[in-house]
Amino acid sequence: MMSAGHRARKRFGQHFLVDDSVIDRIIRAVHPVATDRLIEIGPGLGALTLPLLSRGMSLTLIELDRDLVLRWQAYPAHPPLTVIAQDVLTVDFSQFGQSLRLIGNLPYNISTPFLFHLAADAQRYRDAHFMLQKEVVERMVATPGSRDYGRLSVMLQYHFDMESLMDVEADAFDPPPKVRSAVVRLIPRMVTARPDANFEHLSTLVTTAFAQRRKMLRVSLKNMVSEDDLKQAGIDPTRRAETVSLEEFCRLSLSEGRSENK
Ligand code: SAM
């Protein structure tokens, strides 16, 4: 048994999935086929790994907990597993090639930095299915004007189409986390399907605008763009960041008058 003798470690965000119906729904949503380049982040005791292996998948596992790494290195899988003993935040996914499929019940303490890590190289992936804190998934898929809409929504929606697939209650895990969870699917948007933007400026604009999300843009962005820039991008300078769409932020990132010191 993979689980024999392992005690869940809080510092690695270990909450192991134990509900077979949830596991089954995730695997069906992923719909793996043998030719996929599938990478699992944080296999833990194998709640998702073992059903994937039973389908004959060849898998790459990324795991930080040395004890679990040793178990997976010794696991007699056919085809053999590739086990990467590393913090996923430092993994360079280009080593695995293109068209990668990612799956993971992620440690919640690293979810936001990890999502930005992925976004930095979004075209490398075919898709990703992650279990995350429900509150994070709500922010990822939020639309302008909603309470959850913010930097994470805009910056991820620029790169990915995203869909929340299911909510998962805390009792599906051992030990149960304090928060509810949800499974999200991310599919990179084709470069041609994204609005035109100056990405570097987009990133700074969005960060600055949402740092004071309830202030008018002419105030929150006053050091970056003029009121004229805002008007030229079709954005009323008295609006607040939380109402501005991705397309509008992208237009603003291209404004000619934009300057760092205005
Ligand atoms: N997949 C298993 C399941 O569903 O039961 C385990 C999920 S548990 C929430 C998160 C897993 O990620 C654990 O195995 C943990 O050791 C691993 N982990 C934690 N931090 C990590 C990191 N920075 N990089 C890679 N793996 C990590």
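**Entry 1: ground rules.** I call a residue buried under 20% relative accessible area, exposed over 50%, and partly exposed in between (1.4 Å probe, protein chains only). With that in hand I looked up Ser99, which counts as partly exposed because its relative accessibility is 40%. I noted that this is a predicted model, where local features need pLDDT of at least 70 and side-chain atom pairs count only at pLDDT 80 or more, while totals for chains, interfaces and linings use all residues. I also noted that residues are numbered from 1 along each chain as its sequence is written, and that side-chain values use heavy atoms, with hydrogens and water left out.

Entry 2: I kept a reminder here: most residues other than glycine have a negative phi, and most peptide bonds are trans. I then went back to Ser99, whose phi is positive, near 60 degrees, although the residue is not glycine. I found Ser99 in the loop between E4 and strand E5 (100-105); helices (H or I, at least four residues) and strands (E, at least two) are DSSP runs, numbered from the N terminus.

His31 has a positive phi too, of about 50 degrees, and is not a glycine. I placed His31 in the loop between helix H1 (20-30) and strand E2 (37-41). Is His31 buried or exposed? I put His31 down as exposed because its relative accessible area is 57%.

Next I looked for cis peptide bonds. I marked the bond from His78 to Pro79 as cis, with omega near -5 degrees, and saw that Pro79 lies in the loop between helix H3 (66-73) and strand E4 (82-85). I marked the bond from Asp174 to Pro175 as cis as well, with omega near -10 degrees; Pro175 belongs to the loop between strand E8 (173-174) and E9.

**Entry 3: two buried residues.** I followed the chain on to Ser181, which is in strand E9 (residues 181-188). Ser181 is buried, since its relative accessible area is 0%. What does the side chain of Ser181 contact? I found a polar contact of 2.6 Å with the side chain of Tyr108. By polar contact I mean a pair of N or O atoms within 3.5 Å; within protein, one must be able to donate a hydrogen and the other to accept it, and residues adjacent in sequence count only if both atoms are side-chain atoms.

Met57 sits in the loop between helix H2 (49-54) and E3. I listed Met57 as buried because its relative accessibility is 1%. I also checked Met57 against His159: they are 102 residues apart in sequence and 28 Å apart in space, C-alpha to C-alpha.

**Entry 4: the ligand.** Which residues come nearest to the ligand? Of the 22 residues around the ligand, I listed Leu17, Gly42, Glu63, Asp87 and Asn105 as the nearest; a residue is near if one of its heavy atoms lies within 4 Å. I noted that E1 (16-17) and E3 (59-63) each supply at least two residues of this shell.

- A side-chain N or O atom of Glu63 is 2.5 Å from an oxygen atom of the ligand.
- A side-chain N or O atom of Asp87 is 2.8 Å from a nitrogen atom of the ligand.
- A polar side-chain atom of Asn105 is 2.8 Å from an oxygen atom of the ligand.
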